[in-house]
Structure formats: structure tokens, C-alpha cells
Amino acid sequence: MKVAIAADHGGYEQKAHLVERLAGAGHEVMDFGPMGADAVDYPDYALKVARAVSSGEAARGILICGTGLGMAMAADKFPGVRAAAVQTPEFATLCRQHNDANVLCLSGRFVEPTVNEELCRIFLETPFEGGRHAKRVAKMMACGQAMAMDRLMVMDHPLVAHKLSILRDEATPTKLFRELVQELALFVGYEATRDFPLEDVEVTTPLETFTAKRVAGKKVAIVPILRAGLGMVDGLLALVPSAKVGHIGMYRDHETHEPREYYAKLPADVDQRTCLVVDPMLATGGSASMAIGYLRKAGVDDVRLLCLVAAPEGVERVLSEDPDVRIYACALDRELNDDAYILPGLGDAGDRIFGTL
Ligand code: PRP
Ligand code: URA
């Protein structure tokens, strides 16, 4: 097997030993250094191995630093890389069987060379089990990939985290829930419009005339998915007051969890606009995908999906069904339950906004 290996000063000695053993076991070893014991920055070496694995140049990677932890964190930033920091044979086995890890990160300071040698052997020889683990690994990779490619943006702001926690609380009453949905819509809208182009405009202040900026480019249409999407509209209109509002009505079939469309009314010039599709919940992704497909058929080329809580399953479906859409979410939650509700989620957004629980 083609194996890429690198270390920092905390793993340099063990690397030399492992290179010898791996070559002796018949592997083709790509040694990315360092070739001396001087202090180096571990991310520089982690990224060499991660790049080789990510591009397919190497089938697996091995990294050694003092603990293995920094190497794992750095390598994991690369698309397609699943790096595991491992110190025991059981973890070496499981990171392959369950997680399909392709980069092994070892501790040069706290683990003996003979143990690390055994961890490498297990890591290189143990196959991925697939089955239920394949679905989980695919989800993990889809979200990581989407973020790396700027197709999924998850808000990282203390006020968003704070407001979202109140929103999720089952004790939050309807009035407050509604207000928080509007406020969070404004935050996520702020992020979703960050790349709007600007043009120069002459402005005369009370003191002088100068060249200022104003938003140029396409006009905006806000397209809520009924019902729950309606709860986000005012927040977005506060941000883009001149936007037109189209509506797409859908509900999820309780048995199949697939969406049923019951209403659609879009601005006549929707194909000339940037469309912000809004819905607080992205669960299976069925409703959002159908709404986005509807807009594509109407000729819209810039579609952005804004939600408050997204599930990995929904992100994967929307992005795989539409190669150009971008998703903006306040949070990416863990998973769906058997009723296709998001966990931990916030329950039924429509019912909580409109008080129909
Ligand atoms: C909810 C939510 C989304 C949809 C998400 O609407 O507001 O539109 O479910 O689920 P999906 O990603 O699996 O399609 P619901 O069908 O409950 O209708 P409502 O907005 O009228 O309450
Ligand atoms: N729709 C909701 O309102 N909540 C969920 O968790 C899933 C779909």
C-alpha cells in the first residue's frame, strides 16, 4: 500500500523507525519529513500528508507528533481526510471498521515505538465494515465537504447560539418563539447577503461630497416555504426592505415524510432576482429541494436557502440535488429521528410559531 508519513520534532525519532518497518512490510512509503530533529510546526507536516491522501496520491497517511492530537486536528481540515488520534489497538481497529479513517495520528511521546508499530499494522490491515457505518461516514463527509466548498455556512456567533438555545427550549412561549425566529432570520440573512456586490455612489454629507458604496446587482426575492417560513419573512424584510416576497406552500406527508405542494405564487420577474428561500427547518431536505427545483424551473439562477436548524441528511440531499445552491444555517444538528424530526432540534417549527400545538 502507498503510505504517506510525516512527523514533527515530537515524533521524528519514531517516524524513522516506522518508515523502516513499513518498507520492510512491503509498503511503498512516501516520507514527507522532517529529516532532522529541529523544532517544526506540526500543521506544516500534517498538511503534506493530508494533501497526499486527499488527492489520492497516497492510500493512507500516518502522522506522529507529541500527542497525535494536533496532527489529527490539522489533517482533518482537508477534504476527504478522516484523521484519528489513536493510542490503543482497539481504537486502531475501530477507527478503521467504523470510521474508515484514512490518516492515523500517533503519539511519539507517550506511546512506545513497538505499540505504535502495532497500531500502524492494524490501521493498514483492517478493512472498513461498511453497512450502517457507510451511511454515517457519508453524512460526515457530505457536511465537511459542503463547508469546505462554501456551500454550507453555519453561523458562528455568540448571540445566535444564545437565542437558538432559548428557541429550542420547550418552555419558550409562542410570542417569544416568534420574536426569536425573526431575530435569527435577520442574523442568517446578514450572512447570506455578505457577498452582494457594491457600486460607487456620490454622497454629500453635511461636510463634504465623497464616493460611498451602495448595493448593486440583482434585486432580491424572499421565498418562504409555508407555513413556518413565514415566520422568518419580517426579519429578512428588515434587512432588505425592497425585496419582493413569493410564497411556496408545502406540507410534509406524515407517513412518507415527503413534501406535498399546495400553493405557489412568485414575483413575475423572479428569474431576474436573487432568491432567498426561507424555512426554519431543513430536515430530510424534501421540502427545500422541491422549492428550489420549482425556482429553477422558473429560471432563477441564484438560489440561497436560509434556515435556522439543519440536519445533516437535509444538507446532503439539497446539495446533491442542486449543484449550485448554497445553504446558510444557524445550527447544524445531529440527526433525524424515525419520524424525520431533527434531534435535538426545536420540535415542529410551524406549530410553535403559530401556536397550533
Ligand atoms: C416543516 C418545516 C419544513 C419541513 C422540513 O414544515 O417548516 O418546511 O417541515 O422538513 P423536510 O426537510 O423533511 O421536508 P411542515 O411540513 O411541518 O409544514 P408547516 O410549515 O405547515 O408546519
Ligand atoms: N419540521 C419541523 O418543524 N421540525 C422538524 O424537526 C422537522 C421538520
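Fifteen residues surround ligand 1, and the closest are Arg-252, Asp-279, Thr-284, Gly-285 and Ser-287; a residue is near a molecule if one of its heavy atoms lies within 4 Å of it. This is a predicted model, in which local features need pLDDT of at least 70 and side-chain atom pairs count only at pLDDT 80 or more, while totals for chains, interfaces and linings use all residues. Residues are numbered from 1 along each chain as its sequence is written, chains are lettered from A and ligands numbered from 1 in the order in which they are written, and side-chain values use heavy atoms, with hydrogens and water left out. Here is a tour of the ligands, the pocket and a few backbone details.

**Ligand 1**

- Arg-252 places a polar side-chain atom 2.7 Å from an oxygen atom of ligand 1, and Arg-227 has a polar side-chain atom 3.0 Å from an oxygen atom of this ligand; a polar contact is a pair of N or O atoms within 3.5 Å.
- The backbone takes part too: a polar backbone atom of Ala-283 is 2.9 Å from an oxygen atom of ligand 1.
- On its own, ligand 1 has 500 Å² of accessible area, and the protein covers 91% of that (areas come from the Shrake-Rupley method with a 1.4 Å probe).
- The shell around ligand 1 has 6 nonpolar, 5 polar and 4 charged residues, where Ala, Val, Leu, Ile, Met, Phe, Trp, Tyr, Cys and Pro count as nonpolar, Asp, Glu, Lys and Arg as charged, and the others, Gly among them, as polar.
- S11, S14 and H10 each supply at least two residues of this shell; helices (H or I, at least four residues) and strands (E, at least two) are DSSP runs, numbered from the N terminus.

**Ligand 2**

- Around ligand 2 stand Arg-252, Met-281, Ala-283, Ala-340, Tyr-341, Ile-342, Gly-347, Asp-348 and Ala-349.
- By class, this shell holds 6 nonpolar, 1 polar and 2 charged residues.
- Oxygen atoms of ligand 2 lie 2.8 Å from a polar backbone atom of Ile-342 and 2.8 Å from a backbone N or O atom of Ala-349.
- A nitrogen atom of ligand 2 lies 2.8 Å from a backbone N or O atom of Gly-347.
- The protein covers 90% of the 240 Å² of accessible area that ligand 2 has on its own.

**The largest pocket**

- A pocket is found on a 1 Å grid over the protein atoms alone, as an open set of points where a 1.4 Å probe fits, with protein on both sides within 12 Å along at least five of seven lines; lining residues have an atom within 4 Å of a point.
- About 640 Å³ of space lies in this largest pocket, a volume being the space filled by probe spheres set on points joined across faces, edges and corners.
- Of its 30 lining residues, Tyr-251, Arg-252, Ser-287, Tyr-341 and Asp-348 are the closest to the centre.
- Elements giving two or more residues to the lining include strand S11 (247–252), strand S14 (281–282), helix H10 (286–297) and helix H12 (349–354).
- The lining divides into 16 nonpolar, 8 polar and 6 charged residues.

**Backbone details**

- Gly-33 and Pro-34 are joined by a cis peptide bond with omega about 0 degrees, and Pro-34 is in the loop between strand S2 (28–31) and helix H2 (42–55).
- Leu-343 and Pro-344 are also joined by a cis peptide bond, with omega about -5 degrees; Pro-344 is in the loop between strand S18 (342–343) and H12.
- Asp-100 is not a glycine, yet has a positive phi of about 50 degrees.

Note on methods
A polar contact is a pair of N or O atoms within 3.5 Å; within protein, one must be able to donate a hydrogen and the other to accept it, and residues adjacent in sequence count only if both atoms are side-chain atoms.
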